[in-house]
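User: Can you walk me through the labels used for this model? I'd like to know what each of them rests on.

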Amino acid sequence: MPSVAGALFRITATLRTRAALGLRPVTAPVMLFLPLGAVLGPSGANILSSAALGHLDVVISVVLATLGVFIGIAAGTQRGASVGRLMTASTVEAAVTILSVGGATYVLLRAWEMPSAITYTLVALTLGLCASASAAPSVDDSSDQTRRVAARVADLDDVLPIVLGGVALSLIGSGDRMVLLDVALSIGLGLAIAASGWLLFELSEGAERDVFVLGTLALLGGAAAYLETSPLLAGLSAGWLWAQAPGQTERVVATHLRKVQHPLVVILLITAGASLQPSVAGVWLFAPYLVFRTVGKLTGGWLASRLAPGVAPSDLGAYLIPPGVIGIAFALNVLQVASTPALPLVFAVSAGAVVSEMLAVIVTPAPRPV
Amino acid sequence: MRQLFALALTIAVVWFVVAGTGIVPNDPRLTALALGFCLIAAALSGELLERFGLPRVTGYLMFGMVCGPYVLNIITRPMARELQLINGLAVVLIAFIAGLEMNIERLRPRLRAMLQLGGISMLGLYIGLFGTFWLTWSWLGLGVDVSLIQKAAIVGVLTTVVASYSPTVTIALITESRASGPLSELTLAVVILADLLLILMFTLVVQFVRYAFGGTGEIGLFVSLSWEIFGSFAFGAGVGALFAFYLRYVGREVAVALVAVCAIIAGVGSQLHIEPLLAALAAGLVVENIAPPRGDMLKEAAERGALPVLVVFFAAAGASLQLDALAVIGWVAIAVSAVRMALIWGSMKVGAKYARIDPAVGDKVWMGMVSQAGVTLGLTLIIAGEYPTWGSRVQTLVVSLIALHQFVGPVLFRAALSRAGEIGKMDAETADV
């Protein structure tokens with residue numbers, strides 16, 4: 001018994017030390033709320049029944065749009081001479097991960113001849129897009145250069161998957177509209193609703209401003225969901241416009257979003273957890289997803305570091321391994337459109353996110369002296 | 001000007017999405033769109049009307065009515081139905097805020113007068129309405145071939161439903177206009193008292209109706225009545241105590257915790273067959289009177305959280321107003337409404353005099369009693385479901401009355417609050433603290 005206690009103490013002491021060195025804490029939201037959702041969901045205790053999940057679908061559309069706005073603002077407010085290079089670096093890193101996961105999944109699916117209601121190409125593309133998003137590491141005054149650059153790359157590497165996600169959703173959806181029209185519709189809706197928000201936010205204050213911000217987010221998510229286009233893309237366009245528009249709109253929105261950020265992420269993760277239905281297909285997709293995502297992130301990070309200024313090539317990819325919630329959000333968006341056939345994708349992406357977070361505890365580098 | 005432009009842009013986007021694309025999606029996907037549209041456009045409409053001295057809630061209602069299925073049809077019938085989902089949560093939050101505003105210590109000196117006013121005015125209203133409906137029976141068109149006892153039962157039901165007030169609208173208007181003072185407190189106390197009486201009276205009258213129409217009365221109904229009143233208070237008090245404990249020892253994410261508490265009361269309440277309004281009121285009372293939180297974090301969270309809920313609640317009510325019912329039975333409804341208002345005015349006047357309430361306040365209380373809303377409609381639905389022949393006629397009449405009173409009531413009450421100089425006093429009190 002003492003030896004077990006001693007071992008536990010050593011492990012926790014190691015984790016504490018490594019956390020103090022800048023490692024991500026083991027209790028990332030993904031690791032806490034996904035399993036909680038799984039326990040509460042229909043496959044678990046059924047406290048969150050299928051009917052309740054149906055109602056949460058409404059909230060998910062709004063959460064997706066909100067996440068899009070976050071990324072749009074983060075991408076739109078990047079300033080400085082290196083923005084172009086950082087954008088290119090992020091796009092390269094995301095593209096490498098998409099190719100790595102998507103390509104490997106496609107080849108394996110064909111080799112396994114796995115039955116799937118969604119075409120192999122779209123399964124591969126969806127998994128690639130989910131894999132390419134990264135969580136931005138937190139940055140403070142003591143953070144080193146690589147960590148700062150990694151945070152910006154992680155903000156920007158969500159842009160490509162969200163744009164391509166609009167295309168993928170259109171292809172998966174049963175509508176007979178043209179893909180480009182769907183993408184244009186998402187962007188157009190986002191910009192029009194953002195313009196309306198821009199006219200309102202700065203003139204209002206207090207609870208009234210809360211109403212307008214909340215209404216704008218609901219409208220972004222609702223309009224996109226109604227048309228079966230991408231709420232993430234609509235939100236991204238809106239966030240980008242607010243960042244470019246004259247005045248302080250993006251600050252107003254960001255301040256309000258910070259208040260609802262945690263609850264929204266919790267709802268998203270619990271819903272994703274509750275939607276999990278373990279299946280053979282899901283487990284088979286999970287393994288290559290995890291392996292090739294890690295490979296893609298490390299390779300992509302290494303390539304991106306060639307374009308990003310002053311970054312240790314070995315570190316950038318490791319910083320980008322934590323997946324955050326965008327990948328899970330996109331998987332849920334696909335589930336909204338494709339319904340049951342997308343369940344293995346949600347399982348693979350969610351399980352992959354949990355394991356990637358665990359992996360991040362080990363591989364995220366300690367900070368270098370500033 | 002910017003706001004008008006934003007309103008036009010929002011309406012154009014939603015019109016394009018709903019009408020322009022011609023897509024008929026699954027119902028749940030409508031909710032977020034309808035919510036977003038209501039939040040922005042109804043809030044702007046409310047603000048616009050406030051500039052003309054009218055209550056914001058009237059603006060929200062008018063927005064819902066104009067954009068609803070009967071006029072522009074931008075909020076389609078399925079969208080209006082989806083918006084109703086938020087009603088349960090809204091009623092609970094509104095009642096919780098009312099509970100927070102009721103400090104027993106402060107109300108104690110006036111409690112006797114409030115009870116006297118409430119009791120006398122309700123008695124006068126019930127007797128007056130019963131007599132009126134009895135005498136005008138043939139004009140109401142509720143059925144010719146009924147026995148005397150059946151007539152008494154139907155008139156009893158109609159009296160009970162028509163006499164009801166709307167605590168939700170009263171509380172919403174006080175919250176929205178940031179009113180505070182003797183008139184606000186007195187009106188709030190009387191409508192809540194009347195709501196308790198309504199539950200009691202309705203249960204008794206339904207028993208009588210069942211007896212009159214050959215059914216068997218249920219002793220279980222009295223048990224369920226007791227459960228509905230006392231169970232609601234007990235459940236709400238328990239939830240309130242837990243919430244107070246959370247506020248004291250955790251005190252984080254108060255707005256989210258508040259919404260969660262309201263969702264629990266609304267969701268679990270319907271499962272347990274308790275009255276959510278009473279339960280939420282009890283929860284608010286416990287938090288305010290037994291374990292008040294330190295600082296203003298709860299009131300701030302409740303007030304900030306209340307506005308979006310109020311906007312959607314009233315816009316949904318406006319979109320769901322059955323204007324066709326008003327068209328069918330319009331003149332009868334207007335006549336009944338006029339009689340009801342006159343009786344409220346008279347009985348309140350007598351009650352206020354008997355209770356020795358300052359005439360400056362007592363003369364205006366009746367103006368806060370005109371509104372009617374969801375609870376009234378819910379009761380008529382029960383009757384219409386059980387007795388489709390005359391019950392649906394009662395329903396049409398009551399729905400028309402609600403349509404009228406939802407517009408007249410808030411305007412009158414705001415005017416009363418304004419004359420009493422209580423609008424905006426809540427902010428002044430907070431500043432003083």
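User: What makes α19(B) mostly covered?

Analyst: This is a predicted model, and the call is a count over it. A residue is buried if 20 or more other C-beta atoms lie within 10 Å of its own. In α19(B), 23 of the 32 residues are buried, so the helix is called mostly covered.

User: Why is the reach of α19(B) called close to the expected one?

Analyst: Helix α19 of chain B covers residues 388-419 and has 32 residues. At 1.5 Å a residue you'd expect 46 Å, and the span from first C-alpha to last is 44 Å.

User: Where does α19(B) bend?

Analyst: At H405(B), by about 35 degrees. That's the angle between axes fitted to the seven residues ending there and the seven starting there. After the helix comes G421(B), with a positive phi near 70 degrees.

User: How do you know that domain 1 and domain 2 of chain B touch?

Analyst: Contact needs C-beta atoms within 7 Å. By that test, 26 residues of domain 1 are in contact with 25 residues of domain 2. On the domain 1 side, α3(B) gives the most, with 10 residues. The classes on that side are 20 nonpolar, five polar and one charged.

User: And what makes up the contact between chain A and chain B?

Analyst: Chain A puts in 31 residues and chain B 30. On the chain A side, α9(A) gives the most, with 15 residues. That side divides into 20 nonpolar, eight polar and three charged residues.

Conventions. Residues are numbered from 1 along each chain as its sequence is written. Chains are lettered from A and ligands numbered from 1 in the order in which they are written. This is a predicted model: local features need pLDDT of at least 70, side-chain atom pairs count only at pLDDT 80 or more; totals for chains, interfaces and linings use all residues. Two residues are in contact if their C-beta atoms, placed from the backbone, lie within 7 Å. Helices (H or I, at least four residues) and strands (E, at least two) are DSSP runs, numbered from the N terminus. Ala, Val, Leu, Ile, Met, Phe, Trp, Tyr, Cys and Pro count as nonpolar, Asp, Glu, Lys and Arg as charged, and the others, Gly among them, as polar. The expected span of a helix is 1.5 Å times one less than its number of residues. A residue is buried if 20 or more other C-beta atoms lie within 10 Å of its own, exposed if 12 or fewer, and partly exposed in between; C-beta atoms are placed from the backbone.
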